[in-house]
Amino acid sequence: MTAGTLPLVIQGGMGIAVSNWKLAQAVAMAGQLGVVSGTALDSVFVRRLQDGDPTGAVRRALASFPKPEIAAEMLRRYFKPGGRAPNEPYTALPMYKQAVSAVREQVTIAANYVEVWLAKEGHQGKVGINLLTKVQMPTLASLYGAMLAGVDVVLMGAGIPREIPGALDALAIQAPAVLRLDVEGQPSDQPVTLSFDPSVHGMTDVPLKRPDFYAIVSAHSLAANLARKATGKVDGFVVEGATAGGHNAPPRGAVKLNDRGEPIYGERDAADLGAMRELGIPFWLAGSVGTPEGLAEARRQGAAGIQVGTAFAYSDESGFTAEIKRQVLSDVAEGRAGVFTDPRASPTGFPFKILESPNITQQDDTRERLCDLGYLRSAARREDGRTIYRCSAAPVSEYTNSGGTEEDTVGRRCLCNGLMAVIGLGQLRKDGSVELPMVTSGDTVSELAAVAKGRTSYSAMDVLKYLLGDAPPAAAVAG
Ligand SMILES: Cc1cc2nc3c(=O)[nH]c(=O)nc-3n(C[C@H](O)[C@H](O)[C@H](O)COP(=O)(O)O)c2cc1C
C-alpha cells in the first residue's frame, strides 16, 4: 500500500470471527480496509462445515483452493450435508502443539485461505487479517493460508510481533519460516522454535505477494523498538488505547484497581503521538475514536486515520449472533449497556473487556472448567525437559499438575468457548447444555446510539457513512 492509497478507516480485527469475511468484504468494497480475524479460524471452519455450510460459501472458496486434494480432504473429514444431527456436539480438532501433523496444518491453511478468499471475492478492495501474537502455535500456517488467498495486510498486536515481518518475507518466497515459541522455564540458550515449511504442502508453485505488516501497539516506545528491531519491514502501526474492545495492554507499572475492580490507566499509558510522527511510518489510532470528530482529530494529530471495532461489531454483517446484536442495541437505546474491564478473565493475563448488558446471559465462574479448544494454552518446560501446554482457565488440578499455581487460575474464563458461542458456534456439552457466550466490546458500546440513529439494526456501510459523511466512502480514500 503506498501513501496514496492508505485507508482512512481500518475496520478492526475482532476475534473469534466477529470480523468475519462478510464484514471485511463490505468494508473493503467501500474502499476502506476490511479485516478478518484469523484467531481460531480453523475451529470456525470445521464447525461451519459440520453445520452443513448452508450458504455454500465455504465450499465455493474451497473449490478455488490451489491444491484440490487438500480441499477434498477437508470436505471428506468435516462437511456434513444438512448439518449435525440434533444434540450432536461438534467434532473438535486436536489442540495445537509446537509441532502438529501436516493435515492439521492444512486445516489451518485452508481455514485462513477460505476466510480471506471470501472477503476478497467480487471486488478490488484491500483485505487484512488480524492475529494475536500471544496465540503463537497456529500463526505461520494461518499466515500462509491467508497469503495463498492474496491477503493485503497482516495486523498483529496482543504481544510483541517482532519476528512476524521476517516470517512474511520468507513465506512470500515460499521459503520455510521460523518463530520462537515462548516456553516458560526454557533456558534462553536452548530456544524452542515453531517452524513451517511450505514445501510440505505442495503449493510452492503459487506466486505469493508479501502483505504489508501493521503492528498494533499501545506505546510509542514499542513502536520505535519494532521499527528498529523487527526482523523485516513494519509498514504501519495501529496505536490502540485502553478503551478499545477485546484485550488491552496492562497499565504501566504496578496495577491498581478502581472500586469496580478494573485496572486504572493514567496519562503515562497514552502513546506520545509526537514520537509516533517522528518514526515516519503511517499510523492509525484505535480505541473510542470511531466518530467523525475522532477521525478528524486523528488526522490532525498526523495519523493516517482510525481503526474502529465496536461500531462494526454490532453491524448486520458481523459474526455476533442476531440475538446478541438485537439485545445489545436495545439495551444501548435504553442506556443499559456498559463494559467491565476484567483484569483476571483472560488466561493471557491481559485485561479483557466484557460487555455488561442485562438481557444477555454470559459465561461466568459457575462454568464447569474444561479446556478443549486450547488456543490460549501456553507452553512450559517440564523438569524432564519436555514441553507441556496448559491454560489457567482449564480445570484447576490439570493446571497445577502441570506446574501452574492455583492462584493463577482464580477468575479465569474460557475465552475460547465463550467467543465461539457469541458467533453461534458454541459447543454442546454431554449434559445437553450449550456453552454460554462471552461478549467483548469497547468502552464506546454505550455510544452506539449515535451510529444506530434510532434504528434497531444498521449495516457496515452505515458505520462508514457515519464516520466519513454521506459521500460514498470509496471516494474518501486518498489516491
Ligand atoms: C468484539 C471485539 C473483538 C475484538 N477482537 C480483537 C482481536 O481479536 N484482535 C485485535 O487485535 N483487536 C481486537 N479488538 C479490538 C479492535 O480491533 C479495535 O482495535 C478496537 O475495537 C477499537 O476500539 P473501539 O472498539 O473503541 O472502536 C476487538 C474489539 C471488539 C469490539
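In helix α10, residues 292-300, the buried residues are G294, L295 and A298. These three span an arc of only 100° around the axis, which places them on the same side of α10. The arc is taken from the directions that run from the helix axis to the C-beta atoms. Buried stands for under 20% relative accessible area, exposed for over 50%, and partly exposed for what lies in between, with a 1.4 Å probe and protein chains only. Helices (H or I, at least four residues) and strands (E, at least two) are DSSP runs, numbered from the N terminus.

This is a predicted model, in which local features need pLDDT of at least 70 and side-chain atom pairs count only at pLDDT 80 or more, while totals for chains, interfaces and linings use all residues. Residues are numbered from 1 along each chain as its sequence is written, and side-chain values use heavy atoms, with hydrogens and water left out.

The cover over the buried residues of α10 includes β10 (283-286), β11 (305-308) and α16 (460-468). Contact here means heavy atoms within 4.5 Å. On the face of α10 turned away from its buried side are the exposed residues E293 and R300. Just after α10, G302 has a positive phi of about 95°.

The next topic is charged side chains. Side chains of opposite charge can pair when their charged atoms come close. A salt bridge is counted when a side-chain nitrogen of Lys or Arg is within 4 Å of a carboxyl oxygen of Asp or Glu. The structure holds 27 salt bridges.

One of them joins the side chains of D53 and R59, at 2.7 Å from N to O. D53 is buried, with a relative accessible area of 3%, whereas R59 is partly exposed at 31%.

Another salt bridge is formed by D235 and R210, whose closest N and O atoms are 3.0 Å apart. D235 lies in the loop between α8 (220-229) and β9 (236-240), and R210 in the loop between β7 (192-196) and β8 (212-217), so this pair ties together parts that are 25 residues apart in sequence. D235 is buried, with a relative accessible area of 12%, and R210 is partly exposed, with 23%. Both residues also belong to a network of salt bridges that links D169, R210, K233 and D235.

A further salt bridge brings together the side chains of D384 and R382, at 2.6 Å from N to O. R382 is partly exposed, with a relative accessible area of 34%.
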